[in-house]
Amino acid sequence: MIVFLQQLINGLSVGAVYALIALGYTMVYGILRFINFAHSDVFMVGAFCGFYFGRWETGHSLAGGLLVMVMAMAVCALLGIIIERLAYRPLRGSSNLAVLITAIGVSLFLENAGQLVFGADPKPFPPLIPERNFTSPAGLTISSNQLLVFAVTGVLLIALQWIVMRTKIGTAMRAVAFNHQAAALMGINVDLIVSFTFGLGSALAAAGGILYGLNYPSIDPYMGVLPGLKAFVAAVLGGIGNIPGAALGGLLLGLIETFVKGSRLSTYSDAIAFAVLILILLFRPAGLLGKFQVEKV
Amino acid sequence: MANRVKRILEAWPKLLLLAALLASLGFWLASGRINPYFMDILIKIGINVILAVSLNLINGYTGQFSLGHAGFMAVGAYAAAAVTMFPGPKILAMAPASLLAPATAVFFLAALLAGGLAAALAGLLVGAPSLRLKGDYLAIMTLGFGEIIRVIFRNIDSLGGALGLNGIPAYTNIFWVLAAAAVCIYAVLTLVHSTYGRGFLAVRDDEVAAEAMGLNTTRYKIIAFVVGAFFAGVAGGLYGHYTLSIDPKGFDFMRSIEIVVMVILGGMGNTAGVIAAAILLTLLPEFLRSFDQYRMIIYSLLLIILMLTRPQGLFAWKRTAKPAAQP
Amino acid sequence: METKRLTVSRLSLLLGLLLAAGCNKSNPTPGSGGTDPIKIGEFASLTGKEATFGQMSHDGTELAVQEINDQGGVLGRKLQLLTEDDQSKQGESKTIARKLISRDGVIALLGEVASGRSLEAAPVCQEAKIPQVSPSSTNPKVTEIGDYIFRACFTDAQQGKALAQFGLNTLKAKKMAVLIDAGTPYSVGLAASFKDTYLPGGGTIVAEERYTSGDKDFRAQLTAIKAANPDALFVPGYYTEVGLIARQAHELGLTAPMFGGDGWQSGQLVPIGGVAMDGDYFSTHFSPDENSPAVQKFVRDFQAKYGQTPDAMAALGYDSAALLADAIKRAGATDNTKVRDALAATRHFAGVTGDITINEHRNAVKPLVILQIKGGEFHSFQKISPD
């Protein structure tokens with residue numbers, strides 16, 4: 001029983017990081033109907049920002065750590081906006097395929113440039129905040145970093161929902177997601193909204209990167225590939241375009257993966273995520289919380 | 001005069017094929033006089049040509065963006081190697097010594113075909129569910145399948161597991177590679193210039209319209225996947241019997257991407273262009289070995305710049321229709 | 001068709017050029033006689049995932065070659081080291097080996113650290129009858145490829161056996177948990193040879209879990225291991241994951257000591273693993289704090305040239321080159337069969353990684369060093385001699 005509960009905690013903390021990355025995927029897909037392959041690499045850049053900024057933050061306090069996170073989020077938001085401006089906007093009218101290929105190109109570029117700049121070998125992520133372990137009388141353990149993941153994900157999720165549902169810009173985002181030509185006709189600056197969405201999503205990815213680095217202090221330029229793919233699966237699982245869905249999908253996927261890893265089939269854990277994707281796409285393509293979109297011609 | 005030659009060539013594709021096969025034989029006979037390093041490169045080129053042309057059938061002509069081609073290659077490589085390594089020695093032992101060389105050749109052909117068929121089966125399994133999907137989803141799904149295939153092979157201990165399969169007999173030589181490339185090109189071009197080809201293009205250009213016209217888009221998509229996968233499997237078999245040792249890591253997403261870059265560079269739906277791109281992208285890394293660390297950066301920038309400026313690829317001599325734009 | 005004709009003509013032109021260029025079958029004569037330098041090839045992972053291993057190994061090799069040349073070279077000729085980077089990728093080593101042999105005419109090849117890549121190049125070397133000396137590939141299969149393939153280090157068979165004895169006799173661990181990296185042949189092989197000695201020696205394996213290299217989260221497996229209550233935890237993996245494993249084990253309250261093999265050897269192990277690594281052990285080929293004059297000189301020279309303390313990979317890179325040079329000297333010629341025979345006849349070569357004798361399987365019979373991590377640093381703990 002203890003083992004089960006501990007695995008539950010493990011699974012949820014892994015899932016929370018997937019949820020954070022998934023939020024970015026789902027937002028961009030909701031607005032632009034395309035999968036930003038480069039998202040996972042912005043996540044990686046965020047982690048490296050934490051690595052470099054963390055060197056200045058010698059205080060090792062919670063406030064210092066959060067400051068590093070905010071700085072990383074700002075840098076990555078800018079990166080996301082630049083990528084959109086240079087690589088995706090010019091292709092706004094052309095086929096989906098072209099943008100997809102470009103996104104793959106950007107992703108590969110970030111990974112390989114990262115390899116060149118940072119070096120391919122793993123770097124130890126600095127402990128930005130003081131770490132403590134908490135053990136319950138029954139033997140369940142959770143670390144302060146894991147708690148931080150839950151806290152930050154929760155806060156960002158709520159903040160995101162608030163932005164999207166309660167602010168003017170959020171309404172504009174939803175309008176563009178619904179029909180961007182109509183939105184443009186209503187006077188919404190679609191370009192601005194798209195940039196904002198990218199910036200927001202990238203900032204979330206950066207936060208995810210820092211949290212990931214804190215929990216698994218070994219970062220390298222390819223660290224985003226697998227978590228990114230899994231986060232995408234999580235987004236689809238929850239219903240792509242749906243924000244609470246992304247969070248739900250992330251947590252679920254984290255749990256599934258953890259329980260598989262603790263079982264006989266542990267070496268198939270990477271494949272399990274993809275198997276989940278294929279099953280969802282075959283049987284419930286809208287995802288758990290999504291609405292089925294009919295393709296109009 | 002050129003026109004006459006052209007018309008003869010058009011009318012006798014089979015003649016071309018025969019000529020290509022004879023040329024391959026010629027190459028092989030002359031191989032003793034050529035530097036082994038260059039033979040190596042030629043073999044690599046041949047294998048990449050097969051991979052690129054087969055992927056082009058799926059991605060370029062039929063518009064189904066597959067990112068898991070390396071998975072089919074893996075299936076073919078492992079299947080062919082399993083045939084030559086496990087039942088192989090026993091079967092070959094039955095051949096009289098004087099006929100060993102031709103017997104081995106025939107056996108290798110059988111192994112390659114087995115690899116191709118196994119990969120074709122995988123293509124069917126991947127193609128079938130992907131029918132419901134379009135664009136991005138299809139891409140991710142095929143990527144997922146590619147990864148699943150890789151993880152499965154990593155877990156099969158009898159095929160070497162994570163260490164990979166070593167000691168594969170060195171049956172691949174320049175004849176097989178060039179001959180297989182010739183057959184692959186012939187098959188793809190013949191398919192494309194037939195009614196099937198019309199079907200592929202229709203699916204690519206506007207699937208909904210094609211369905212509305214009564215075309216069985218499912219059928220065409222599956223055929224494209226199966227044929228493409230078959231040749232990828234053959235290429236995999238050739239690859240395995242050339243490197244003599246294969247492991248799951250060599251068939252990962254990056255490998256698939258390298259093939260995709262060849263198709264994009266050559267121009268989706270442009271077989272000749274794709275062949276040229278495959279040759280170029282095999283030679284370039286060899287000549288630029290000292291710059292190898294920049295290779296992937298250059299590839300990625302190439303993808304981006306190509307899509308932004310010349311999505312029809314570098315080698316488009318005639319105007320190939322661009323993939324349909326969406327409103 | 002217009003395109004077809006153009007293609008055919010362009011393709012044939014291209015192929016023609018290729019053929020013409022390739023038609024110089026005459027291999028450049030491998031520095032035969034006189035005072036031309038003796039060409040030695042090296043392939044290593046200078047970039048990519050295992051760059052830390054490859055760089056260290058290369059640095060050690062380079063230092064050895066430089067020292068030998070400073071002292072006049074071998075047989076009156078200087079050594080010329082031709083190094084190629086295989087980028088830690090599968091598929092490159094074979095081509096590189098072929099290139100170094102056919103195009104550059106090396107008389108012997110040094111490489112590689114990773115067993116998988118050594119295995120890739122070995123058939124090429126064997127077929128060309130060019131001796132290959134791997135500095136630190138420990139998978140037994142490498143030297144089984146053929147009689148031209150050698151290694152300057154011990155095999156995983158020896159390492160696993162020694163570690164099992166360490167576990168039983170020194171750690172007194174009767175109940176063992178094993179956490180294997182199912183994604184690397186090194187880990188799988190080492191675990192297997194460990195079990196071959198551990199189980200008959202009276203130990204029991206209470207938990208065996210697997211992960212894949214590249215994984216970051218091992219809590220699921222560690223939770224299962226903790227529930228089995230082992231006396232010690234054997235982790236035959238690479239430092240990149242071991243550091244994280246130690247950290248997470250510590251967080252989960254798993255206090256049993258951890259130990260592993262030479263894959264732990266890296267300057268990055270402790271930065272990644274942190275204080276959780278204190279009290280853990282691993283086996284390796286070399287310890288820089290060993291008291292012998294030869295080792296200390298090597299450490300000083302290495303630090304002077306590269307600004308870092310050499311680790312086992314560097315020491316093995318150094319020894320493999322020195323061993324090869326010694327073999328060439330003993331052979332009295334650069335002829336490949338003579339060099340191969342001299343390598344096979346190596347007895348008690350004084351390397352910085354210990355006394356090296358090459359046995360009939362072309363593996364090095366030499367002592368194994370156990371290091372303990374204390375206060376964030378590696379300290380010699382025990383030396384296990386070969387039996």
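Q: What should I know before I start?
A: This is a predicted model, where local features need pLDDT of at least 70, side-chain atom pairs count only at pLDDT 80 or more, and totals for chains, interfaces and linings use all residues. Residues are numbered from 1 along each chain as its sequence is written, chains are lettered from A and ligands numbered from 1 in the order in which they are written, and side-chain values use heavy atoms, with hydrogens and water left out.

Q: How is a pair of aromatic rings described, and how many aromatic pairs are there over all chains?
A: A pair of aromatic rings is described by the distance of the centres and the angle of the planes. Rings of Phe, Tyr and Trp (its six-membered ring) pair if their centres lie within 6.5 Å; planes under 30 degrees apart count as stacked, over 60 as edge-to-face and the rest as tilted. By this rule there are 37 aromatic pairs over all chains. Take Tyr212(A) and Tyr216(A): the ring centres are 4.9 Å apart and the planes stand at 65 degrees, so the pair is edge-to-face.

Q: Are Tyr212(A) and Tyr216(A) buried or exposed?
A: Buried means under 20% relative accessible area, exposed over 50%, and partly exposed in between (1.4 Å probe, protein chains only). Tyr212(A) has 9% relative accessibility and counts as buried, and Tyr216(A), at 4%, counts as buried too.

Q: Which parts does the pair of Phe286(C) and Phe298(C) tie together?
A: First the geometry: the ring centres of Phe286(C) and Phe298(C) are 5.8 Å apart and the planes are at 80 degrees, so this pair is edge-to-face. Phe286(C) lies in the loop between strand 10 (281-284) and helix 11 (293-306) of chain C, while Phe298(C) is in helix 11 of chain C, so the pair ties together parts that are 12 residues apart in sequence. Helices (H or I, at least four residues) and strands (E, at least two) are DSSP runs, numbered from the N terminus. Phe286(C) is buried at 1% relative accessibility, and Phe298(C) is buried with a relative accessible area of 2%.

Q: What sits over the ring of Tyr239(B)?
A: A charge sits over a ring if NZ of Lys or CZ of Arg is within 6 Å of the ring centre and within 35 degrees of the ring normal. Over Tyr239(B) sits the charged end of Arg255(B), 5.7 Å from the ring centre. In chain C, the charged end of Arg340(C) sits over the ring of Tyr148(C), 5.9 Å from its centre.

Q: What does the side chain of Thr167(A) reach?
A: We look for polar contacts: pairs of N or O atoms within 3.5 Å; within protein, one must be able to donate a hydrogen and the other to accept it, and residues adjacent in sequence count only if both atoms are side-chain atoms. The side chain of Thr167(A) reaches the backbone oxygen of Ile163(A) at 2.5 Å and the backbone nitrogen of Gly170(A) at 3.1 Å. Thr167(A) is placed in the loop between helix 5 (144-166) and helix 6 (168-178) of chain A, and counts as buried at 17% relative accessibility.
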